Structure formats: structure tokens, C-alpha cells
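Me: I'd like to talk through this model before I use any part of it. Could we go over it topic by topic?

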Amino acid sequence: MAGTKSTRYRRATWFWRAVAAVFVVIMVFPVYWMVNSAFEPNGQITSLTPSFFPVHFTFHDFVDAVNRPWFWDDARNSLVVVCSAVALVLVVAFLAATAVTRFRLRGAKPFLVLILVVQMVPSTALVIPLYLLLDRYHLTDNYLGLILTYVSITLPFTIWALRGFVRAVPVDLEEAAMVDGASRFGAFMRILFPLVLPGLITTGVFSFITAWNDFLYVNVIMQQNYHQTLPVWLFSFSTNTGTDYGGLMAGCTIMSLPVVVFFLLVQRRIVTGMTAGAVKG
Amino acid sequence: MARAPAVTRAEVGRPIGTAPASSASSRPARPGRWRRSVRRQLLPFALLLPALVLVAGVLGYPIGQLVATSFQQLGLFQLISHHVVWDGLANYRQVLSSGQFGRSLLQTLLFVATCVGLTMLFGTGVALLMKRLGKVIRTAMSLAMLLAWAMPTSASSIVWSWLFETEWGVVNYMLSGLGLHFTNHNWFASSLSAYGVITAMIVWGAVPFVALTMYSAFTLVPPDLSEAAAVDGATPAVVFRRVTMPIVRPIFVLLTVLSIIWDTNVFNQVWFLTGGRAQVLNVVPLGVWQYIEAFSSQQYGLGAAVAVVTVFLLLAATGYYIRAMVRSGEVAS
């Protein structure tokens, strides 16, 4: 009996592996097409018979993209603004999520509803009044203005998501630490924080990608070329005379790299699933 | 979607200090009580304050301004001359009585229902698949999803429009290769077919976020719990419904609500894929209509009114779940 059951299980596993493989191909195909076009000379991209791998392999578009004006300035701006925004939003959201989950706080519920309503307002309708506000405090053309913008647009989701993660951690662990002499705040930082780390990383990846790919806000808030970020730089490939698709795809490929690196650095933490071990003791 | 009742999770989610096991009797008597209750509100309030200041400070004014604009007649002339013309409910009357409103509303409803349904179905399915399979495949899956997620919207929109190009698109090429009559098939000939391509692209872009979040939610389920249930003879389906789902439901409902919000306001993908011809192709969900009124027609007041109406529609659509979510955090003691 046990034998047939495990055979069936193994056969099912092969089936699910096949499903996973199909899924991976579908997810990656558009990305592959972007990279493929980046290595292809321009005329080849729009040929009538598509080529599934770069026949006329060339690095030309990558070299050209990196040597374009403002690339290094914009890459630096992107890194500084996005990393600061992600660090800030995670700290602020973790504190807020703890406040609404671990305490009976008056006004916590209206606050949660309010920040969700804020998410419902289309950003195309918000961007101009936001520019006027930042301009009044001389925060346009300024890192701080852009960082604050990214923090506040990703904060609502981050707080809501972390609230779910914080709530799933049993309170007993913190209480035990407090019995052992830790302060309440100390218990949050030393016990709760590591336990919600998988949640922090997922929400961190979310904030990173949202801010990293934003074009709408940065295009309005930053006026000078050397203050822009990479999504704005991408538009330099489109001119009045047409679009340099090979260069654009090379630029997009370069832009995707930091996200992949960031993810590779943190992915072990997501995959390990730390809570399981911690709850056991 | 299944209705999500409020989950009372008194045991796991109860706040510190309300613990039944806490040593309440050993606390000092009356004098310190008032001071303690103030201090008890002080720490949580201090923890919440930075978030409150940021959201209210940065987004409060723009939203107020948007609502004010929706009651004004604000075109290019008024904008340049700084001449404010209050117009009462005129913008709202015009929005609600226009034929485009009914069309946009219907399109948005069908479009959002399809996108959110497919996204949540595939996202949860993929997360379960990751749980079921080994580490190597799991890493490959998360990396593939991350690559798709990390692709800049401008890049993915261009690539997707290439894939579905009439003459040299890869999709037509491959479908024709299978013997189907797809040579020179125009995917953007009808509103429905255009919506199909846009839906595919939105779901493709949204699945990674949902799947990865659901997967990290699944890691919160203590393995002991599901193992114990399995030992007691529960089938995997029952374990999922009775053990796993109650724990991850708050995050599932949150992702559903957020997907509804994001897909309702979707603009970039529609605008890019239709090459700015959204109105000609009759692909005008509310998010696109708002943009057309505000920026293409330069009637900012009208555009703002569309935005405010959209927020109220979203509130009506998700209010039940938002209440359930807020309640599920309530302290039951």
C-alpha cells in the first residue's frame, strides 16, 4: 500500500514539475525577448521571421547605452533615492504595523482604512498637486522630495502587509522575552523583528521595484537632467526621428540588473521561512 | 470570489498585556494606574506617528486639492490665469450623465473582475506549487517571477506589443506554425481582443507579486500544525481549507483588495499597448478615462471628478472586505 502511494506521489511530483517548467518559460519569455533584442542589431528586431536567439550577436547597444549622457548620474540618483526610500519605508511601516497590532490603540482602525483610501486615488490625478506642494517647500529637484514621495506611496501597502505578518507571530514569544527582563520596545526589535523578516523582505522587494520603475512622479518632481532617475533616462532613446529599440532594450536590461542582484542577496531569507524554526523554539 | 468572514484570531493576535496568563495580581495598586494608561497609549502612538506624519503630510494636501478641483471649472485658460471658478456639482453631473461613464464602468467591472480573478488564482496556485516542490525548482520559479516583475513597465509594454504585432509578432508566428490561421492577425482590431492582450500582460506582471507574497505567508503556517492534521487523517484539501487558509486569509484578502484597486486605476499598460489609441479602440476603463478628460481634453475639473467618483466606486466594491480586514485585527477579550 505504502509503495503505491509513494509511487503516485512521485508521479504527481513530476507532473507538477512540468507545470512549474511551463510557468517559468511563460514568465521569462518577455524578459528573454528584451535581452535577445538588446543583443541584436537594430534592423533585425523587426524582421518578418523572428529569431529566437541573437544571430548577429553584438554588444554595441550596451556600450552605446552606458555612454549616453546622464547614464551614470541617473543610475546614482536611482540607487540613492530608491535605497533610502526602501530603508525608511520598512522602518516606519514596521513600527506602525506593531502599533496597530500589538496595542489597543484608539484611532488605529480609521488610520488603516484611511491609508487604504489613499491608495485608491489614481496617481495620474495626484502628481500635479503633489508637485505644487513640494515646490512650495523647495523640495522639487531635490532627493528628499522624491524619497518622501516614494515612501508615502508605498507606505500604505507596506503597513497593511506587515500587519498581517506581525499578527501571525505569537505574542507569547515577546512576553517571554519581557519576563526575562527585556523592555517592550526591546522585545519588538529583538524578537518580533527577526520573525517578520520574510515579510519585511517581500514588502521591501515590492517597494524597491515600485520606486525603481517609477516614471510618473520623478518626471514631474525632478526638472534637471542630472537629477533624473533611470526610467526617465530610458526615454532618451525615443527621439523625433524614431525610437532606437535595440538601445532601449539594452537600457532596460541594464536597469533590471540591480533588482535581480538585490533579490539574489535577500532570496535565501524568503525561501528559508524562518518562522517555522522559531516557533519550535 | 468566496466571501471572507472576519477572522477572529484572539489567541495569536492578542496584544501584550491582555494575556490571560499575565501576572495581573502582582501589579502595584491604584496610584500608578492613570499614569500607566497614558504611557500605554504613548508608546503605540509614538510608533504610529512617523507613518501618520508622512501619509498626511505628503499626500493629504494633494488629495484635498484634487477634491477641490473636482468642484471647479478648471481648463487651460483658468490654470494659466490663476482664475478659480467654483462650479458646484457641475462636473459630477456631467460625468454621471455622460454616455462614456456607463461604458467605462461596465468595461472596468469586467476587466477588473477578470484580471483580479486570474491573478489571485494563478498567484495562489504558484505559491502552493513552490511549497510542494523542491528547493531548486522553487528558486528557479522565484527568480523567473522576479525577472518578470523587475522588467520596467516601458520595456514590458514595448515587448508585449511586439509579441502581438500583426505582421512580424512572435505570437502570430508561433500560432501559424501550429497550423492555425493567425498570419497577419490583428489583435487590436476589436475592443474585446485588445482587452484580452492587456489582461494577459497585467496578469503576467501581477502574478509574481501575489505569488511571492502568498508564499511568504505560507511560511507563517507552523508545519507542526498541518502535520498534526495530516496524521489525524485530514486530506491535503482539508488541511488547506481548515489549517492553512485561516492563517493566510488576511493576506489573501489584502492582496485581492489591492489588486482591485490597482487594476481599476490601471493606465500605463493600456495607454502603451494601444499606442495612445485607447479611445478609438473603445478600450476606456475608468483610469484611462480620467487621464483623457484631465490631460488630453485639458478639463482638469472633469478629470478630478472622474477620479473622485472612481474612489467612491472602489470604496463601495471593497468596503465589505476592508471592514472584515480591519475587524480581523480586533482584540477579542
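Me: Which elements of chain B have the lowest and the highest mean pLDDT?

Reply: This is a predicted model, in which local features need pLDDT of at least 70 and side-chain atom pairs count only at pLDDT 80 or more, while totals for chains, interfaces and linings use all residues. Residues are numbered from 1 along each chain as its sequence is written, and chains are lettered from A and ligands numbered from 1 in the order in which they are written. Among the elements of chain B, the lowest mean pLDDT, 41, belongs to helix α1 (residues 10–13) of chain B, and the highest, 95, to helix α5 (residues 99–132) of chain B. Here pLDDT is the predictor's confidence in each residue, from 0 to 100, and elements are DSSP runs numbered from the N terminus, with helices (H or I) of at least four residues and strands (E) of at least two.

Me: And over which residues of chain B is the pLDDT below 50?

Reply: The pLDDT is below 50 over residues 1–14 of chain B, a stretch with 28 contacts in the model beyond near neighbours in sequence, and over residues 16–29 of chain B, a stretch with eleven such contacts. Two residues are in contact if their C-beta atoms, placed from the backbone, lie within 7 Å. Where pLDDT is low, the predicted coordinates should not be read in detail.

Me: What are the averages for each chain?

Reply: Chain B averages a pLDDT of 83, with 86% of the residues at 70 or above, and chain A averages 85, with 91% of the residues scoring at least 70. In chain A, confidence is lowest in helix α14 (residues 274–280) of chain A, at a mean of 38, and highest in α4(A), at 93. The model scores ipTM 0.83 and pTM 0.84.

Me: How many helices and strands does chain B have?

Reply: Chain B has 14 helices and zero strands, and of its 333 residues 41% count as buried. A residue is buried if 20 or more other C-beta atoms lie within 10 Å of its own, exposed if 12 or fewer, and partly exposed in between, with C-beta atoms placed from the backbone. Of the contacts in chain B between residues at least 6 apart in sequence, 70% join residues at least 24 apart.

Me: Which residues have the most contacts inside the largest nonpolar core?

Reply: They are A:A93, A:A96, A:L162 and B:M145, in a core of 172 residues. Helix α9 (residues 191–218) of chain B gives the most to this core, with 17 residues. A nonpolar core is a set of buried Ala, Val, Leu, Ile, Met, Phe, Trp, Tyr and Cys residues joined through C-beta atoms within 7 Å.

Me: What is B:M145 in contact with?

Reply: Leaving aside neighbours within four places in sequence, B:M145 is in contact with A:M27, B:V207, B:P208, B:A211 and B:L212.

Me: How is chain A divided into domains?

Reply: Chain A is divided into domain 1 (2–61) and domain 2 (67–280), with bounds that come from an automatic or database domain assignment. The C-alpha centres of these two domains of chain A lie 30 Å apart, and nine residues of domain 1 of chain A are in contact with eight residues of domain 2 of chain A.

Me: What about A:D141, what is its phi?

Reply: A:D141, also not a glycine, has a positive phi of about 55°, and A:D141 is placed in the loop between α6 and α7 of chain A. With 15 C-beta neighbours inside 10 Å, A:D141 counts as partly exposed.
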